[in-house]
Amino acid sequence: MTIPQLTDYTEASLDKAFSELNIEADRALNSVTADNETLRLEWLGRKQGRLKTISDLWLKAAPPEAKRLIGPRFNALKEKIEVELERRNSSLPGIRQANIHAGNIVESQIDVTLPGSAQRIGAEHPLIKTMAEIVGVFQRMGYSVGLGPEVENDFNNFESLNFPPNHPARDTQDTLVLAGQEQKPLRERLLMRTHTSPVQIRTMLEQAPPLRIVIPGKVHRNEAADATHSPVFHQVEGLCVDTNITFSDLKGTLDHAMKAFFGSAVKTRFFPSFFPFTEPSADVQISCIFCGGKGCRKCKHSGWIELLGCGMVDPAVFEAVNARRIELGREPVYDTSRISGFAFGMGVDRIAMMKYGISDIGLLYSGDMRFLEQFA
Ligand code: DAH
């Protein structure tokens, strides 16, 4: 087949020209007798291959506007040929090639005499599975899922969440920072996020209330690894903002979520705590899922297990969001005289470890098949 010169660059005639080539390529690539290497040379050969000729005659010679039309069609054809050759190469190993050379041409494309290659099917990682289950509980309460990047700026991770520059509260969440950013203002400097809470900020910068979002994700901290600590771990965060949101809504929501996740017999209790971005803040404990609250080794004989942090969104957070929204040319819609909200955050690793009886957090990150296969 000789490649004709292109004279007409309308889409219709380009489509026609490429469709003829496609038919020709399909015929060649589906031919049972054709040898893979010959096909490769004929179509993809660097010096004399057809695609080289087409590239010279059609693509390089075309006026600039036409190039934009020819390029994608050319690339699609090339990719199709490459994929097909790859498939032939992997599905037509030695036996068939030998048969062809010996003249015993195999009728079918598929050589049924070859042993099959088993596809090993993976399984969901226990951590991902746990995270998805927690997220599912909140989705069923009408929450949507929000995601954010692991590389975060200082403003979203700290400043807007009421961790001012140089404030000691930052020491509790030490992390890796990206190098070479000294010229940038502090709030723009990038770091590995220490919690999923910055996605609360990202969401409020983009969306007006009411909000109900649940945010799963990976976080990073400068922690020495031991059986219960890992410098990389996972959290699920939640944020609900609307008019008339009260602490009772927070209690009711989390109590329901814990019952939905661990079983309806589970009780919750709330203790005063501190987080810079919530006021008041609380730690939530659930009755021990191992002993039902009687006291056992798992709950250190207290009957309770501490599971998550939460609180009412501090108005200072809404103010930081409003100020940033103004800088971005958006309405400062988080009017603290009208709206309120609650937030919560929990560590997924600990929950997965409890659920599956895993004693060393490192196993979740080791990639050890002997461990992972137990969850398949
Ligand atoms: N970001 C907190 C941490 O990593 C967890 C947390 C606590 C998140 C309370 C919240 C919250 O949204 O309200 O320690």
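Trainee: How many nonpolar, polar and charged residues does the lining of the largest cavity have, by class?
Mentor: This is a predicted model, in which local features need pLDDT of at least 70 and side-chain atom pairs count only at pLDDT 80 or more, while totals for chains, interfaces and linings use all residues. Residues are numbered from 1 along each chain as its sequence is written, and side-chain values use heavy atoms, with hydrogens and water left out. A cavity is a set of points, on a 1 Å grid over the protein atoms alone, where a 1.4 Å probe fits but cannot get out, and its lining residues have an atom within 4 Å of a point. With Ala, Val, Leu, Ile, Met, Phe, Trp, Tyr, Cys and Pro counted as nonpolar, Asp, Glu, Lys and Arg as charged, and the others, Gly among them, as polar, the lining of the largest cavity has 9 nonpolar, no polar and no charged residues.

Trainee: Which element gives the largest share of the lining of the largest cavity?
Mentor: The residues that line this cavity are I134, V137, F138, A257, M258, F261, F262, M346 and I351. Two or more of the lining residues come from each of α6 (126–139) and α9 (247–262), where helices (H or I, at least four residues) and strands (E, at least two) are DSSP runs numbered from the N terminus. The largest share, 4 residues, belongs to α9.

Trainee: Where does the ligand sit?
Mentor: A pocket, unlike a cavity, is an open set of grid points with protein on both sides within 12 Å along at least five of seven lines. A molecule sits in one if more than half of its atoms lie within 2 Å of its grid points. By this rule the ligand sits in the largest pocket.

Trainee: Which element supplies the largest share of the lining of that largest pocket?
Mentor: The lining of the largest pocket holds 47 residues, and T228, E306, L307, G347 and R350 lie nearest its centre. Two or more lining residues come from each of β5, β6 (268–275), β7 (278–287), β8, β9 and α11 (348–356). By class the lining has 22 nonpolar, 15 polar and 10 charged residues, and its largest share, 7 residues, comes from β8.

Trainee: Which residues come nearest to the ligand?
Mentor: The shell around the ligand, meaning residues with a heavy atom within 4 Å of it, divides into 5 nonpolar, 9 polar and 2 charged. At least two residues of this shell are supplied by each of β5 (232–243), β8 (304–313) and β9 (339–347). Of the 16 residues around the ligand, the nearest are H195, S197, R221, Q235 and E237.

Trainee: How much of the ligand's accessible area does the protein cover?
Mentor: In polar contacts, which are pairs of N or O atoms within 3.5 Å, a polar side-chain atom of S197 lies 3.0 Å from a nitrogen atom of the ligand. An oxygen atom of the ligand is 2.7 Å from a side-chain N or O atom of R221, and a backbone N or O atom of F344 lies 3.3 Å from a ligand oxygen atom. Of the 360 Å² that the ligand has on its own, computed by the Shrake-Rupley method with a 1.4 Å probe, the protein covers 92%.

Trainee: In which strand is P280 found?
Mentor: Most peptide bonds are trans. The bond from E279 to P280 is cis, with omega near -5°. P280 itself is found in strand β7.

Definitions and conventions. Polar contact = N/O pair within 3.5 Å; in protein donor to acceptor, adjacent residues only side chain to side chain.
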